[in-house]
Amino acid sequence: MWTEDLSVNNAVIDNEHKELFALIDNFYKGIKDNSPRERLEELILGLVAYTKTHFANEEDHMRRMNYPNLKEHQMLHKEFIDKTQSYYERLKGGKLILSIEVTNFLKEWLVKHIKGTDQQYAAFESMSKV
Ligand code: FEO
């Protein structure tokens with residue numbers, strides 16, 4: 001769940017982060033409720049699609065402020081997309097027994113990423129405005 005300490009001082013991006021947590025929670029609920037595999041595939045595809053949109057928006061935002069660590073940040077985004085996509089592939093191939101661990105990974109990654117990486121550009125942005 002999104003909490004105030006995860007803010008990057010940008011309402012649009014904060015809302016995108018909130019939506020990501022909501023999508024991860026829906027996926028978690030899907031697993032908990034033993035939803036059919038097709039439904040879980042749909043949920044994770046939705047998460048991948050929205051994550052791509054969010055990352056693209058965020059990268060544009062960093063580009064606009066001439067953020068010096070954009071490349072490193074982009075690499076982390078790519079890793080997350082690859083990982084999430086791999087869950088989908090494995091699910092589709094019937095190879096993955098989905099568990100809460102998968103969802104915990106997504107949630108923990110997101111919290112860690114926002115606190116450790118996204119908030120760095122927020123700090124850069126606020127310093128640049130001074
Ligand atoms: Fe908000 Fe860098 O992801």
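The legends below describe several close-up views of a predicted model.

**View 1. Helices H1 and H4 lie side by side.** Helix H1, which covers residues 11-32, and helix H4, which covers residues 100-129, have axes that come within 9 Å and cross at roughly 170°. The two helices H1 and H4 are therefore roughly antiparallel to each other, since an angle over 145 degrees counts as roughly antiparallel. On the side of H1, the contact is made by Ile 13, His 17, Leu 20, Phe 21, Ile 24, Asp 25, Phe 27, Tyr 28 and Ile 31. On the side of H4, the contact is made by Ile 100, Val 102, Thr 103, Leu 106, Lys 107, Leu 110, Val 111, Ile 114, Asp 118 and Tyr 121. Sorted by class, the residues of this contact between H1 and H4 divide into 14 nonpolar, two polar and three charged.

**View 2. Helices H3 and H4 pack against each other.** The axes of H3 and H4 are 11 Å apart, and the two helices pack at an angle of about 170°, which makes H3 roughly antiparallel to H4. From H3, the residues that take part are His 73, Leu 76, His 77, Phe 80, Lys 83, Thr 84 and Tyr 87. They meet Val 102, Phe 105, Leu 106, Trp 109, His 113, Thr 117, Asp 118 and Tyr 121 in H4. The contact of H3 with H4 has, by class, eight nonpolar, five polar and two charged residues.

**View 3. Helices H2 and H3 form a further packed pair.** Here the helices H2 and H3 pack at an angle of about 170°, and their axes are 10 Å apart, which makes H2 roughly antiparallel to H3. The residues in the contact of H2 with H3 divide into 13 nonpolar, six polar and seven charged.

**View 4. The rings of Phe 80 and Trp 109 are stacked.** The count of aromatic pairs, taken where ring centres lie within 6.5 Å, comes to six. In the pair shown here, Phe 80 and Trp 109 have ring centres 4.1 Å apart and ring planes at 20°, so the pair is stacked. Phe 80 lies in helix H3 (residues 70-92) and Trp 109 lies in helix H4, so the pair ties together parts that are 29 residues apart in sequence. With a relative accessibility of 4%, Phe 80 counts as buried, and Trp 109, at 17% relative accessibility, also counts as buried. Phe 80 and Trp 109 belong, together with Phe 55, to one aromatic cluster.

**View 5. Tyr 87 and Phe 105 meet edge-to-face.** The rings of Tyr 87 and Phe 105 form an aromatic pair that is edge-to-face, with 6.1 Å from centre to centre and 75° between the planes. Tyr 87 lies in helix H3 and Phe 105 in helix H4, so this pair ties together parts that are 18 residues apart in sequence. Tyr 87 counts as buried at 7% relative accessibility, whereas Phe 105 counts as partly exposed at 27% relative accessibility.

**View 6. The surroundings of Phe 105 and two charges over rings.** Not counting residues up to four places away in sequence, Phe 105 touches Phe 80, Lys 83 and Tyr 87. The charged end of Lys 83 sits over the ring of Phe 105, at 5.3 Å from the ring centre. Phe 105 and Thr 84 are 21 residues apart in sequence, and their C-alpha atoms are 9.8 Å apart in space. Elsewhere in the model, the charged end of Lys 18 sits over the ring of Trp 2, at 4.4 Å from the ring centre.

View 7. Most residues other than glycine have a negative phi. Asn 9, which lies in the segment before H1, has a phi near 60°, a positive value in a residue other than glycine. This residue, Asn 9, is exposed, with a relative accessible area of 64%. Asn 34 is found in the loop between H1 and helix H2 (37-64), and the phi of Asn 34 is near 55°, again a positive value in a residue other than glycine. At a relative accessibility of 69%, Asn 34 counts as exposed.

Conventions:
Residues are numbered from 1 along each chain as its sequence is written. This is a predicted model: local features need pLDDT of at least 70, side-chain atom pairs count only at pLDDT 80 or more; totals for chains, interfaces and linings use all residues. Side-chain values use heavy atoms; hydrogens and water are left out. Axes are lines fitted to C-alpha atoms, for helices over the stretch in contact, and angles run from 0 to 180 degrees between N-to-C directions. Helices (H or I, at least four residues) and strands (E, at least two) are DSSP runs, numbered from the N terminus. Angles under 35 degrees count as roughly parallel, over 145 as roughly antiparallel, 65 to 115 as roughly perpendicular and the rest as oblique. Contact means heavy atoms within 4.5 Å. Ala, Val, Leu, Ile, Met, Phe, Trp, Tyr, Cys and Pro count as nonpolar, Asp, Glu, Lys and Arg as charged, and the others, Gly among them, as polar. Rings of Phe, Tyr and Trp (its six-membered ring) pair if their centres lie within 6.5 Å; planes under 30 degrees apart count as stacked, over 60 as edge-to-face and the rest as tilted. Buried means under 20% relative accessible area, exposed over 50%, partly exposed in between (1.4 Å probe, protein chains only). A charge sits over a ring if NZ of Lys or CZ of Arg is within 6 Å of the ring centre and within 35 degrees of the ring normal.
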